[in-house]
Amino acid sequence: MSSTTQNENILRRVIRSASAYVPQVPKPKKKITLTEKFAWTGIALLLYLVMGQIPLYGVTSDPKFDFLAFARVIFAAQQGTLMELGIGPIVTAGLLMQLLKGSDLIRLDFKNPDDRSLFTSATKIVTIIVIVAEGALYGVSVYGPLVAGPHIIGVVVAQLIGASVLVMLLDELVQKGWGVGSGLSLFIMAGIAQTILWSVFSPFPAQDGPTGILPFTIQSTIDGHGQDAFFRQGQLPSLFALGLTVGVILVLVYIEGIHVDIPIVSTKYRGFTAVYPIKLLYTSVIPVILSSALIANAVFMGQMMWANYNPNNANPAFNWIAQFDPSSQQTPTGGILYYITSPRSLDHVAADPVRAIIYVIFFTAIVTVFSRLWVELGGLSARTAAKNLLDADVQVPGFRRSENSVESLLNRYIPSLTIISGVIIGLLASLSDILNVFGSGTGILLMVNIMVSYYQTLVKEQVDTYMPKLAALLGRK
């Protein structure tokens, strides 16, 4: 037996032994009705929303800078609350395992139930490790100076870790059949929807009136200045931004429905035909998330270097990389980092249109690059898709039932759609950010993608409930 095989067997034994000590949510012992699934889904969502309003115990003041500002939408996180980290550790661990799987660094046969179970256990163990590491690091580095005493920092770290573990279990509760869809997707969608509703209805005061565009429009109309609601200073919600938000949502919903259909027939059930849809937005929104994270990490590193080596913007060499306002270093004011971050308001675009153009081009380019990489690493390539089709006991009429034959057909569409998908979502996300749509461009992309996914999930649930014979024919129990 080779050393590689021995190491794999040892790793399998370690994962199986460790999984016995990992908290688990049991699968339902009987079939759950759709009404009950909605109830459990609502409970999970309510717990998430409540935790997002409970402040961290022992913290005496808010951090000067929000180091996770770039990821609040993506990670469904709320600063200063139990949801400080949101679903960040879970998403990070999931992406890591997905990359390991897609790059064949993890050699498992996912048609084998034991290997699927092993992968699930390994993912949960990695998730807990990431939760503990991120909770401890973030708690000590960000909130360490902001607690009443050194003994309190342990309490803060315990809150961050405990809340993240609870979110992991709530996601498992929804995914294991107690709820509908994915818990993580549900939390992201709720967080983005919350931001949009706040921008529309918030009655709290801003510099020129209520924050929400609806109460501001009512007040400005009563005062005889209704036209002020169309454009507002800074990043405050306006009727223009509201119209853009609705327009972007409608465009995304339309684009989500565009796909190329490849006819397939079942080799297991004679006469059963269907289509294999290849969506126009083939890579979904993962490349946008990765691109946003890359830019945000670059800005974060720039902030750290600037604070240590160029706090007064007096270093000409470093000024080429980044400059910040000493009174507020949230966003760059000069250098390369200035041009690769979004202006995020029409005022900033009008003041420096070159920055806006460079940002759109740069962001679209890196989203397109990440789209190409994600197709290979995320298991979406033509070769992988061809293998999955053949493993599902289907074939394409007129083509031999072989991977090379089906792969050659898919290669007519997937590479082109990968590039087109990257360009479309890159442009939509960057332009939406520049025009300051509610919930941010990335947030709107995520919300629409999740809503479409939930719609498809509900259709499947309806088929399972009201047409069980058809569900059995499709291979669902």
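The following dialogue explains how to read several features of a predicted model.

Q: On what basis are the residues and values reported?
A: Residues are numbered from 1 along each chain as its sequence is written, and side-chain values use heavy atoms, with hydrogens and water left out. Since the model is predicted, local features need pLDDT of at least 70 and side-chain atom pairs count only at pLDDT 80 or more, while totals for chains, interfaces and linings use all residues.

Q: How many salt bridges does the rule give?
A: Side chains of opposite charge can pair when their charged atoms come close. The rule requires a side-chain nitrogen of Lys or Arg within 4 Å of a carboxyl oxygen of Asp or Glu. By this rule the count is 4.

Q: Which residue forms a salt bridge with Glu172, and what does the pair tie together?
A: The partner is Lys124, and the closest N and O atoms are 2.3 Å apart. Glu172 lies in helix α6 (residues 153–178) and Lys124 in helix α5 (residues 113–143), so the pair ties together parts that are 48 residues apart in sequence. Helices here are DSSP runs (H or I, at least four residues), as are strands (E, at least two), numbered from the N terminus.

Q: Are Glu172 and Lys124 buried or exposed?
A: Buried means under 20% relative accessible area, exposed over 50%, and partly exposed in between (1.4 Å probe, protein chains only). Glu172 is buried at 9%, and Lys124 is buried at 10%.

Q: Where do Arg383 and Glu407 lie, and how far apart are their N and O atoms?
A: Their side chains meet in a salt bridge at 3.6 Å, N to O. Arg383 is in helix α15 and Glu407 in helix α16 (residues 403–410), 24 residues apart. Arg383 is partly exposed, with a relative accessible area of 46%, whereas Glu407 is buried at 13%.

Q: At what angle do helices α14 and α17 pack?
A: Axes are lines fitted to C-alpha atoms, for helices over the stretch in contact, and angles run from 0 to 180 degrees between N-to-C directions. Helix α14 (residues 353–377) and helix α17 (residues 414–434) pack at about 145 degrees, with their axes 8 Å apart.

Q: How far is Asp393 from Lys268 in sequence and in space?
A: The two residues are 125 residues apart in sequence and 6.2 Å apart in space, C-alpha to C-alpha. Asp393 is placed in the loop between α15 (382–391) and β5 (394–395), and Asp393 is partly exposed, with a relative accessible area of 34%.
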